[in-house]
Amino acid sequence: MRDADFFRQWMAVAADAVEREADRLTELDSPIGDADHGSNLLRGFTAVRADLEADPPASPGASLQRAGRTLISTVGGASGPLYGTLLRRTGKELGEAAEVSDDELRKALYAGVGAVAQLGGAAPGDKTMLDALVPGVAALNTSYRAAAEAAWDGARATVPMTARKGRASYLGERSAGHQDPGATSAALLLGALAETADAADAEASGAGA
């Protein structure tokens, strides 16, 4: 079972990942976006980490809903509303339970991804964050690590795509040949989830030895 501390740790690991890769995200965003994806997400996830550490919520659902609200209020462009919607809807689905199972988290994330698709009017193949989120969440049926790997495969698969949604779609065929920054940051988020789960499971295994 996963408690509120697990979700606080997930957001902290995600913030570390975004900090490490912020320049890369901006580099990916430069030819097909506004060259601010890395700096925007860095500001947002840094604020999320600080907020959750200063006043830790009591439940997984509350943790993600707070994180989502913080991203919406601090991240510019489309990224804030999209990531905010993902986390807020996932948190809402988890409800007020003090602990949630891996299966409950998977189902909640599926609902969160659906909300992102509805908000952005996008689908897999449109060269957006959904190209990483959809296969990543589907692979949670197997394991957290499989989810991260599927998300990274999805992000890399955006390179030859022509963007059909978002700022990159204005470029038409010229958007092909570039990895989508949103799909890349989504893979970072699921990679952070896998890293957090690995660490928690290792700790639990050690405690039970």
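Which residues have the most contacts inside the largest nonpolar core?

**View 1. The largest nonpolar core of this predicted model.** Trp10, Met11 and Phe45 have the most contacts inside this core, which counts 54 residues. As background, nonpolar side chains tend to be buried together in soluble globular proteins.

**View 2. Met11 and its contacts.** Setting aside neighbours within four places in sequence, Met11 touches Phe45, Val48, Leu52, Leu64, Ala67, Leu87 and Leu189.

**View 3. Helix 3 packed against helix 4.** Here helix 3 (residues 60–74) meets helix 4 (residues 79–94) at an angle of about 165°, and their axes are 7 Å apart. Angles over 145 degrees count as roughly antiparallel, so that's what we call this pair. The crossing is left-handed. On the helix 3 side, the residues in contact include Leu64, Ala67, Leu71 and Ile72; across from them, helix 4 brings Tyr83, Leu87 and Leu94, among others. Sorted by class, this contact has nine nonpolar, eight polar and three charged residues.

**View 4. Asp103 in helix 5.** Asp103 sits in helix 5, which covers residues 102–120. Buried, exposed or something in between? Asp103 is partly exposed, because its relative accessible area is 36%, between the cut-offs of 20% and 50%. Pro57 is 46 residues away from Asp103 along the chain, and the C-alpha atoms of the two are separated by 21 Å.

Note on methods
Residues are numbered from 1 along each chain as its sequence is written. This is a predicted model: local features need pLDDT of at least 70, side-chain atom pairs count only at pLDDT 80 or more; totals for chains, interfaces and linings use all residues. Side-chain values use heavy atoms; hydrogens and water are left out. Helices (H or I, at least four residues) and strands (E, at least two) are DSSP runs, numbered from the N terminus. Buried means under 20% relative accessible area, exposed over 50%, partly exposed in between (1.4 Å probe, protein chains only). Axes are lines fitted to C-alpha atoms, for helices over the stretch in contact, and angles run from 0 to 180 degrees between N-to-C directions. Angles under 35 degrees count as roughly parallel, over 145 as roughly antiparallel, 65 to 115 as roughly perpendicular and the rest as oblique. A crossing is left-handed if the near helix is turned anticlockwise from the far one by less than a right angle, and right-handed if clockwise. Contact means heavy atoms within 4.5 Å. Ala, Val, Leu, Ile, Met, Phe, Trp, Tyr, Cys and Pro count as nonpolar, Asp, Glu, Lys and Arg as charged, and the others, Gly among them, as polar. A nonpolar core is a set of buried Ala, Val, Leu, Ile, Met, Phe, Trp, Tyr and Cys residues joined through side-chain atoms within 4.5 Å.
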